[in-house]
Every structure is written in C-alpha cells, then in structure tokens.
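Biologist: I would like to go through the terms used for this model one by one. Please set each value against its cut-off.

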Amino acid sequence: MSILEVEHICKSFEHTEVLKDISFSLEKGQVLSIIGSSGSGKTTLLRCLNFLEHPDKGILRVNGETLFDAEDASTRQESEIRRKRLHFGLVFQSFNLFPQYTAMENVMLAKELLAKEQPDYKARKKEILAEIEAQAKSLLDEMGLSGRRDNYPHQLSGGQCQRVAIARALALQPDILCFDEPTSALDPELTGEVLKVIKELAEQKTTMIIVTHEMAFARDVADQVIFMDEGYILEQGDPRQVFENPKEERTRQFLSRFTQG
C-alpha cells in the first residue's frame with residue numbers, strides 16, 4: 001500500500017488556478033523529485049501536503065488514513081491540522097531557523113512543545129527532556145554538526161543552517177520528509193554538502209519529496225520524477241524515462257538546457 005496518495009488536488013488563489021487535478025502516489029522508502037519551471041505549482045503542492053494551504057478540491061491520504069477531503073468538513077478543522085502536519089516534515093528554502101535559539105534548541109523546540117501536551121509530562125519532565133536532548137544531539141551528529149550544537153544561526157554558514165533545518169524536520173520522525181528547493185539559498189560551494197546529506201537519507205530509505213532545480217541530483221537520487229508545468233503534472237515516471245526519453249515536447253524543451261549543459 002502506498003504511504004502517500006494524492007487524488008485530484010486543485011488549488012486557486014483568487015482567479016488563478018495554481019494546481020490543476022494533481023494525482024500521484026508514493027511508496028514507503030521512495031524518493032520523489034518534482035521538477036519544473038518557477039511558477040509551475042511545485043511549492044504550492046508542498047504547502048498543501050504540509051497543510052500550510054488547504055486545497056480547494058481533492059483528497060490526501062497517508063498510510064491509508066484520509067487526512068484531507070475537500071468534500072468532508074471534518075477533515076478541515078483547524079484543531080486537527082497540527083496533528084496532521086506531524087506526518088510531514090518540511091525543509092524550507094531559507095532555513096526558517098529561530099535566530100534567538102542555538103542549533104540544539106532549534107532542533108529540540110517543536111518536540112518540547114509537543115511533549116508538554118502529554119498527560120504525564122510533569123511527572124516525567126526530566127526524563128522526557130533528556131530523551132529529546134539526546135535525540136537532538138544524535139541528529140546534529142548525523143548532520144556533521146557535533147561541534148556546532150551551541151552556535152546560533154548567525155554563527156553558521158548557509159549549508160550548516162540548512163543541515164540544522166533538516167535535523168529539526170527529522171526530530172519529529174515524519175512519515176514523509178519534504179524539501180522545497182533546499183539549495184536555492186546557498187552559494188554553489190555549499191550546495192554539495194546539503195545534497196550529500198539528502199543522498200545519505202535516501203540511502204537509508206527515508207521517504208522524501210524533493211522540489212529542486214538541481215537536475216542531475218533529481219535524476220540520480222529519485223525513484224520517480226514528476227515534471228510540472230502551469231499547474232499540471234505533465235509527465236511522471238522513473239528518472240531514466242523522464243530524463244532520457246520524455247514523452248512530452250514541453251518536458252524535452254525544459255530538460256534541453258540541462259542535457260546541453
């Protein structure tokens with residue numbers, strides 16, 4: 001069974017259709033790369049998956065559970081949104097770290113807030129916080145940041161900030177980890193260190209959706225690729241098919257810049 005099912009998602013802003021009948025599925029442990037020109041709807045799709053936007057039409061399911069159905073008002077209740085977001089982790093283009101917190105504190109914060117809602121939090125506070133701290137240390141170690149735990153974002157490079165952001169997203173143990181142009185705010189020399197971390201996550205069979213303009217990376221890391229154009233999924237398939245033998249002329253036009261580079 002698919003870990004993620006997206007059925008007929010549509011989204012408009014005022015009179016502009018941004019997503020038009022988007023449907024796809026993703027298996028556990030797979031990596032999906034979403035490519036396309038700026039303005040094709042890629043980021044809006046990620047925002048809908050993470051409940052930062054509500055689709056106008058369509059259904060979202062994770063592990064067989066219907067998280068959103070535009071026809072069912074009960075799935076649109078704000079009180080449920082935070083719980084549903086826990087299925088997804090989102091790494092933003094511009095890191096979105098809290099500048100007043102250290103790397104460790106940024107990674108720990110969301111889990112600490114969730115822990116306070118547990119009925120036994122007061123009785124087990126010391127134990128719970130120790131577990132959260134140990135997990136944050138482990139994640140930062142995995143990101144190659146063991147010596148940067150107590151640094152604030154302004155004391156870190158862009159690549160280090162993005163690796164903190166990845167650790168923060170992983171801390172909540174999401175079913176699906178999403179990246180929105182994870183290297184677009186980085187200098188070229190820092191891009192490689194972030195892509196290396198994502199490749200390592202792929203090797204660990206982390207289920208991921210990656211919106212990217214890094215075509216070679218999209219081709220090499222993905223199990224499947226979606227090409228979006230003007231709000232539609234124009235083409236989808238395995239990387240070899242999409243990159244080497246695209247069916248649509250528009251896909252060939254888009255990829256020609258990459259293949260000629």
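**Cores, rings and pockets**

Modeller: The largest nonpolar core has 40 residues, and Ile166, Phe179 and Met208 touch the most other members. This is a predicted model, in which local features need pLDDT of at least 70 and side-chain atom pairs count only at pLDDT 80 or more, while totals for chains, interfaces and linings use all residues. Residues are numbered from 1 along each chain as its sequence is written, and side-chain values use heavy atoms, with hydrogens and water left out.

Biologist: What makes a set of residues a nonpolar core?

Modeller: The members are buried Ala, Val, Leu, Ile, Met, Phe, Trp, Tyr and Cys residues joined through side-chain atoms within 4.5 Å. Buried means under 20% relative accessible area, exposed over 50%, and partly exposed in between, with a 1.4 Å probe and protein chains only.

Biologist: Which element supplies the largest share of this core?

Modeller: H5 does, with eight residues. Apart from this core lies another, of 30 residues, including Val6, Cys48, Leu49 and Ile81.

Biologist: What does Phe179 touch beyond four places in sequence?

Modeller: Phe179 touches Leu46, Val91, Ile166, Ile198, Leu201, Met208, Ile209, Ile210 and Val211. Contact means heavy atoms within 4.5 Å.

Biologist: Why is Phe24 called buried?

Modeller: Phe24 has a relative accessible area of 6%, and the limit is under 20%, so Phe24 counts as buried. Phe24 is found in strand E2 (residues 16–26); strands are DSSP runs of E with at least two residues, helices are runs of H or I with at least four, and both are numbered from the N terminus. Leaving aside neighbours within four places, Phe24 has contacts that include Leu4, Leu45, Ile226 and Gln236.

Biologist: Why is the pair of Phe98 and Tyr101 called edge-to-face?

Modeller: The centres of Phe98 and Tyr101 are 5.9 Å apart, with 70 degrees between the planes. Rings of Phe, Tyr and Trp (its six-membered ring) pair if their centres lie within 6.5 Å; planes under 30 degrees apart count as stacked, over 60 as edge-to-face and the rest as tilted. The 70 degrees between Phe98 and Tyr101 therefore make the pair edge-to-face. Phe98, at 38% relative accessibility, is partly exposed, and Tyr101, at 28%, is partly exposed too.

Biologist: What makes the pair of Phe227 and Phe254 tilted?

Modeller: Phe227 and Phe254 lie 5.1 Å centre to centre, with 35 degrees between the planes.

Biologist: What makes an open space a pocket?

Modeller: On a 1 Å grid over the protein atoms alone, a pocket is an open set of points with protein on both sides within 12 Å along at least five of seven lines, and lining residues have an atom within 4 Å of a point. The largest pocket has a volume of about 670 Å³. Of its 19 lining residues, the closest to its centre are Arg85, Phe88, Phe92, Ala110 and Leu172.

Biologist: How many residues of the lining of the largest pocket come from H3?

Modeller: H3 gives five residues, the largest share of that lining.

Methods
On a 1 Å grid over the protein atoms alone, a cavity is a set of points where a 1.4 Å probe fits but cannot get out, and a pocket is an open set with protein on both sides within 12 Å along at least five of seven lines; lining residues have an atom within 4 Å of a point. Grid points are joined across faces, edges and corners, and a volume is the space filled by probe spheres set on the points.
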